[in-house]
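Reader: I am new to this structure. Please take me through a single part of it, closely and step by step.

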Amino acid sequence: MIQTLRGTKDIVGSEIFYWHHLETIARELLRRANYQEIRTPILEATELFARGIGETTDIVNKEMYTFLSKGEESITLRPEGTAGVVRAYIQNKLQGIQRLWYMGQMFRYERPQKGRQRQFHQLGLELIGSADPRADGEAIALAYEILQALGLQNLLVSLNSVGDHTDRMGYRGALVDYFTPYLADLDPDSQQRLQRNPLRILDSKDPKTQTICQSAPNIWDYLQPESRRRFDRVQALLTDLKVKFRLEPRLVRGLDYYTHTAFEIQSQDLGAQSAVCGGGRYDRLVAELGGTDTPAVGWAMGLERLILLLENLQTLNPPPIDFYIVSRGERAESYALVVWQQLRQAGFQVEMDLTGAKFDKQLKRADHASAKAAIILGDSEADNHTLQVKWLGEGRQETTTIEDLFTRLAPRKNHD
RNA sequence: GUGUCUGUAGCUCAAAGGUUAGAGCGCCUGACUGUGGAUCAGGAGGCUGUGGGUUCGACCCCCAUCAGACACCCCA
């Protein structure tokens, strides 16, 4: 049997109702904030991610689906959304402040576990063109409110500032100085990180490394006054917006392009992969990718993780349909098809039984389809142009005509 | 890439190395020949993930492989 590749899955059966629910709420909140959807290709030049995300990151080093196309060009299935959106911003010469959102598949070659797949979905937001701390507040508040609107509980917003480039270089040097004497006591992964990305040592889960980190230098001591003021302002704005957050000096996002604001929203109801949303400010990325120097802030949510939480929260059932048409006999079956068309064109949601089985079997299926009413058609109804309508909730049955049904139920028309 | 655990009917799970691999739910049929849900009776459905091996004999033990779960790494 041919089956799905490791780390990929079908979204099948009632799971789709959770996706629709999530999409409906997110779309509505983003519409109110006048964000515009953008759809960029899943396939991009490998160089876009190498330059955008950073050559030293794990995403670029070991997690990308990269291959050569027939023209020997190196292409990659996107591992995240921001680089592509920024590429589109530059390529399409978008100007001024752009409020953009996207939703779609992302790909990372990793071992799957709870809340992590190789092909997964992200909902992302990018607010490009403003350095105003209010832009940070806007982006974070929207993420927070979307998660709240979904009814998620036990959410924790972690906030940090990683400063600008000079702040970070100073801090990085201080960390290297601090950790070097302890080199032998660090876990092997962190030993590697000391050269590549010492900031990452801070969120190691190794207990011994953790103790060493206790008295490591704090990034806040390396923020220049201007960066510090900016950080304070973002905190004040979030408080005004009633976003509850926790300051987390160790929070370091995995991608190289972040500056100043970094944040993450975690759920305590997931396993180890607890981050449902991550993001921050990336003032250098547009220039890095060849555009004019443009500040920006954004985030991404992992939708599979949100779906897991939603499924724990509530059971969504398929909405009931209006009519299930049951028919038996040659003339009745032809008549049923016409009734099916008329009901549908009048705006009702209708399903017609195709089995030709006995009425009790077909009615059982009507019940199973959670239809409000079954329309029962035999040859005598076909001859008289009447309908037997059985209201399944109350069990009442009536003889009527399709015209009568239309006038009584004032059906929704297709066009408004 | 590393570690631990798990693969038996559509689903959830049984079956001390020893007859013909079972049960619940679901599905189908009938009781009820033009009337759903409940009840009762019956039925279909399995190369025990796959490929090797050990054994008189393997769902069970061994090896490999594929897949899944969880964790590490990393991230959403």
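Author: Start with a definition: two strands pair if DSSP finds at least two bridges between them. The model is predicted. Now take strand β9, which covers residues 259–267.

How many bridges join strand β7 to β9? Seven bridges join them, and the two strands run antiparallel. Strand β7 holds residues 155–161. Within this pairing, Ser161 stands opposite Thr261 of β9.

Next comes the pairing with β10. Strand β10 spans residues 275–281. Six bridges join β9 to β10, and these strands also run antiparallel. Here Ile265 has Cys277 in β10 as its bridge partner. So β9 pairs with β7 and with β10, because at least two bridges are enough for a pair.

How many of the nine residues of β9 are buried? Eight are, so the strand is mostly covered; buried means under 20% relative accessible area. In a regular strand, side chains alternate between the two faces of the sheet.

Is Asn154 buried, partly exposed or exposed? Asn154 has a relative accessible area of 41%, so this residue is partly exposed. The cut-offs for that class are 20% and 50%.

To recap, β9 has seven bridges to β7 and six to β10. Eight of its nine residues are buried.

Conventions:
Residues numbered from 1 in each chain as written. Chains lettered and ligands numbered in written order. Predicted model: local features only at pLDDT ≥ 70, side-chain atom pairs only at ≥ 80, totals over all residues. Heavy atoms only, no water. Buried < 20%, exposed > 50% of the residue type's maximum accessible area, 1.4 Å probe, protein only. Helix = DSSP H or I, 4+ residues; strand = E, 2+ residues; numbered from the N terminus.
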